[in-house]
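Work through the exercises below with the sequence and the 3D view at hand. Each task is followed by a solution in steps.

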Amino acid sequence: AVPVSNLGLRPSQGNAGLCCCHVTGQARNDNSVAVHVTIKFSAFNAPPGPNAPAEPLSTILYFIKDLQPGQTHQIEAPGFIFPCNQIPEGVRNVRTEVEVKGITYPPF
């Protein structure tokens with residue numbers, strides 16, 4: 001398991017009305033082996049629910065290589081190519097999908 005926590009949005013220029021909008025946070029490896037982690041962040045312009053859009057405004061991928069057991073990694077994901085203020089309710093409308101692959105080393 002690799003929980004992702006403390007998610008936030010940070011504008012590139014320090015102004016939420018200017019491009020671009022970065023995702024920040026932390027990922028922690030709770031596994032007993034080193035892992036590669038791919039995190040998909042998808043921004044929506046409406047909260048989840050029956051009237052939510054099916055397609056995100058944009059999706060970005062963030063990759064963590066060789067995350068060791070018990071290690072925490074600071075996330076500074078590349079930005080969405082629009083201002084943070086286009087994501088109403090901020091990080092609540094950013095959905096996260098985490099894919100974890102264990103690293104196996106060949107026997108000697």
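This is a predicted model: local features need pLDDT of at least 70, side-chain atom pairs count only at pLDDT 80 or more; totals for chains, interfaces and linings use all residues.

**Exercise 1.** Find how many disulfides the structure holds, and state which cysteines each one joins.

Solution. 
- Step 1: Searching the whole structure gives 2 disulfides.
- Step 2: One joins cysteine 19 to cysteine 20, with an S to S distance of 2.2 Å.
- Step 3: Another is formed by cysteine 21 and cysteine 84, whose sulfur atoms lie 2.1 Å apart.
- Step 4: The cut-off for a disulfide is 2.5 Å between the sulfur atoms.

**Exercise 2.** Decide whether the disulfide of cysteine 19 and cysteine 20 is right-handed or left-handed, and whether cysteine 19 is buried, partly exposed or exposed.

Solution. 
- Step 1: The torsion about the S-S bond of cysteine 19 and cysteine 20 is about 65°, so this disulfide is right-handed.
- Step 2: Cysteine 19 has a relative accessible area of 35%.
- Step 3: Buried requires a value under 20% and exposed a value over 50%, so cysteine 19 is partly exposed.

**Exercise 3.** Describe the disulfide of cysteine 21 and cysteine 84: its handedness, its place in the chain and the burial of its two residues.

Solution. 
- Step 1: With a torsion of about 100° about the S-S bond, the disulfide of cysteine 21 and cysteine 84 is right-handed.
- Step 2: Cysteine 21 belongs to strand 2, while cysteine 84 sits in the loop between strand 5 and strand 6; the two are 63 residues apart, and the pair links distant parts of the chain.
- Step 3: Cysteine 21 is buried at a relative accessible area of 0%, and cysteine 84 also counts as buried, at 9%.

**Exercise 4.** Work out the strand order of the open sheet of 3 strands, and explain why two of its strands are edge strands.

Solution. 
- Step 1: The order is 1-2-5, with antiparallel pairing.
- Step 2: Strand 1 (4-11) and strand 5 (72-80) each have a single partner strand, so one side of each lacks a neighbour in the sheet, and they stand at the edges.
- Step 3: On average, neighbouring strands of this sheet are turned by 20° against each other, direction ignored.
- Step 4: Strand 2 (residues 21-28) and strand 5 are joined by 7 bridges, and glutamine 26 stands opposite glutamine 74 in strand 5.

**Exercise 5.** Identify two strands that pair with strand 3.

Solution. 
- Step 1: Strand 3 (residues 35-43) pairs with strand 4 (residues 58-67) in the antiparallel sense over 8 bridges; alanine 43 stands opposite serine 58 in strand 4.
- Step 2: Strand 3 also pairs with strand 6 (residues 94-102), antiparallel over 9 bridges; arginine 95 in strand 6 is the bridge partner of serine 42.

Note on methods
Residues are numbered from 1 along each chain as its sequence is written. Side-chain values use heavy atoms; hydrogens and water are left out. Two strands pair if DSSP finds at least two bridges between them. Helices (H or I, at least four residues) and strands (E, at least two) are DSSP runs, numbered from the N terminus. Axes are lines fitted to C-alpha atoms, for helices over the stretch in contact, and angles run from 0 to 180 degrees between N-to-C directions. Buried means under 20% relative accessible area, exposed over 50%, partly exposed in between (1.4 Å probe, protein chains only).
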